[in-house]
Amino acid sequence: METVGKSFVRVDARGKVTGEAKYSNDLVPKDCLQAKIVRSTIANGRVTAIDISEAQKVPGVVKIVTCFDVPDIQFPTAGHPWSVEAAHQDVPDRKLLNARVRQWGDEIAAVVATDNVAAERAARLVKVEYEEYDPIPTIEEALAPGATPLHPDIRKDNIFVHTSFKTSPNFDYEKAKQQAIEEYGEENLIEVEGTYRTPRISHCHIEVCTSWAYVDTNGKVTVISSTQIPHITRRVISQALGWPVGRVRVIKPYIGGGFGNKQDVLQEPLNAFLSIACGGRCVCLELSREECISQTRTRHAAKGVLRGLATKDGKLLAREGDIYTNKGAYASHGHAITAGMTTNFKDIMHDAYGCRADGYSVYTTSAVSGAMRAYGVPQAAFFADSLTDDICYKGGFDPLKFRMENCVPPGFVASNGITYYSYSLKECMKRGAEFIHWDEKRKEYANQTGPVRRGVGMGIFMYKVGVYPISLETSSARMILNQDGSIQVKLSATEIGQGADTVFSQMASETTGITMDNVYIISTQDTDVAPFDTGAYASRQSFVTGKAVTPGRGADDLAE
Amino acid sequence: MIWQNNICEKIHTQPKTKTCVRPEGTQEKPAEQNARKLAFGGAYIDNSQNDGSAGESVKYSAWLDGAVKEYDIHDLPNGEAAILRDTGVEKDIIPGKVLLSMKDLAMNAFYSLDRSEHITAEVTNHCKENTFASGCCFVDLEVDMPLGKVKINNIINVHDSGTLLNPKLAEAQVHGGMSMGIGYALTEELLYNEKGRPLNANLLDFKIPTAMDCPDYHVEFLEMDDPMGPYGNKALGEPPAIPVAPAIRNAILHATGVSMKEIPMTQQKLVAAFKEAGLI
């Protein structure tokens, strides 16, 4: 290959290093109004009254809207492709502003002013009365008998979805254990059980969540946003406003990181609404760092109640897990992340008898959990790898050898048919062990005393590359020839810092034979002209969207 | 068949072409790859029907009339031949020879007096393939038990991500993920008070690793061509963040015999666990 496989300098390196690259807020017009969200100061309850009279007196205030002024439309926010089947659609469980408060800092009103200072001062003067309920920020509190259901129109209690996955339909851990006792004798078995926990964390992308919106002369509401998913954002804004999709336009300039947070539709629909409420004037809605951390999306805090059974000579027999995730106040990505977490826990190891993994997504009065880099698998890996090492510790097994003998095998086929084609997991383990001097260090660190001690440890993972067959992934690409024989390449799988524009350029060059210096990738996506693609998420752009600029491989190749 | 539904179909010559006549400004292709990778919009010689020498069955393809067409060289309709004739293509056809530059081709396409056309191509691809990526993290660390402080002395991620598209970019992607993994293992957690109010929603109190907290990151790849990826590639964007926290957790278990059930393993939590285990 000529271009692919070579370490070309990033196509956006110069602009980003020199500071010339334009991000959303670099493009805000001079006369743009500034908006500030008024957030609830309780975690659970209902807004009964809002008094904006004092706030309106602040010089510079242009408009104040409250939860009683927004359209009575609930909409979903997940950065998923829309499903044409109602049963698979993302759950619409929030409005632009919500009178029913479900987290501390829930969005209940918004102020638009000529500048940020006026908007912030006015926001602080908005007086709110609440009917207050007990906060239920943890999984345990939300599941306790008598806990307030947060979305009674959608679910009777706070369990959003519960799924159960087993390696075979008849697998039962207790029965497997009985079978093991008969086969190996109780004294020849090792069993470990425990409750393992992972925290809620924030993506901490450098560029905060920000957008600005105006109504164009053709009547389109146009939103310039730091988003990973311009086409999805357009569709969700249309759903939230009740406007036709054609009257919504989303433009994505360079973005300063997303890590999944911007794979959700965040402040954009409200931003569009505020512009419309101000007669189409340009309104900027930039969230603060504090708002980004606690009021956008987070990684699910998760609890795994786990058990594992192995023989004394290091054969993994059976595992089971009940995995609970704290999904926060709203559905966001629904159950997808929790389901992925449970199946990944199940699939990464090979259990001779089998494995069961149940997943529960739980609504709570805390920050909304959504997509974050690796989509549930960091939790799954922590659960699976901790349990594995606890079994090894109890049984006196070498954790590397145990994994070599009991991890997911080559050619693995998941229950939904996804197949592990090229496989070098065990080679990776071998190489990692060599590098860290595993065997020597395991011995050297075996019997330490004193306050400072050393150890070596390992973790493994597997990760499905795309989404198919759960949904069909559609990517479009356009190439346009210039008079000098160079081309523009236009895609809607966005560059979010991961280097997509560079590798897409390499693939386009490799495919067409046109040299890299004659390939111009268009980094800004404008939904009015950019071909359709659902955007940058999962670990799929170079795999899925890459196919739109590359001769067909995969299924077609195999068929030949 | 492999070209169906592909962007190149519109702007390229026919896929059965075995030997391309390379437009100037494009890169040379190894012969065995020509079936898959054809040059953009140019004119080609197809000698798949014979031994490669120019002759009666030699065909060429061009973008003319807005569609890719293939003509027998002896049956060129006058109009279509005109562009090629201008460049002297009719004679001395040698596979691999440059017929016309991409620029000349483009200029003709834009400004031809009778059939100018803006050459563009668009495709919607359906990805009906999937596969798994994998990998691991190994860590060698030191635990100061009275302080609950963990110092990483050596760390490596090894990835099974298929063929790398850009090795330097791939390595950088792994560095960022490993840093996220260290924060996940040791310091990051969004906390709430009993009223449900966030306590540390700022970068002072929500502790992500700084440059001072990051050890040297070692990265290796075991590249295998995956039949599902467009260039044998598979996932790498997210995976680097996955195996680091469990590796650190398991190294602490190896060092101390204490099985931490919860991340982040902050200094406070580690000290409490070591006390409970009677180690300090």
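Which residue of chain B stands opposite Ser476(A)? It's Thr124(B), in β4(B). This is a predicted model, where local features need pLDDT of at least 70, side-chain atom pairs count only at pLDDT 80 or more, and totals for chains, interfaces and linings use all residues. Residues are numbered from 1 along each chain as its sequence is written, while chains are lettered from A and ligands numbered from 1 in the order in which they are written.

Back to those strands, which are DSSP runs of E with at least two residues, numbered from the N terminus. They pair if DSSP finds at least two bridges between them, and here the pairing is antiparallel.

| Strand | Residues | Pairing |
|---|---|---|
| β17 of chain A | 473–481 | with β4 of chain B, eight bridges |
| β4 of chain B | 120–127 | with β17 of chain A, eight bridges |

Now for the chain A–chain B interface. In all, 123 residues of chain A are in contact with 121 of chain B; contact means C-beta atoms, placed from the backbone, within 7 Å. On chain A's side, strand β16 (residues 452–464) gives the most, with 13 residues.

What about the core? The largest nonpolar core has 226 residues, and those with the most contacts inside it are Ala110(A), Val111(A), Phe138(B) and Ile248(B). Such a core is a set of buried Ala, Val, Leu, Ile, Met, Phe, Trp, Tyr and Cys residues joined through C-beta atoms within 7 Å, where buried means 20 or more other C-beta atoms within 10 Å of a residue's own. Leaving aside neighbours within four places in sequence, Ile248(B) touches Gly457(A), Val139(B), Leu141(B), Val150(B), Ala185(B) and Leu186(B).

Technical notes: Contact = placed C-beta atoms within 7 Å. Helix = DSSP H or I, 4+ residues; strand = E, 2+ residues; numbered from the N terminus. Buried ≥ 20, exposed ≤ 12 C-beta atoms within 10 Å, placed from the backbone.
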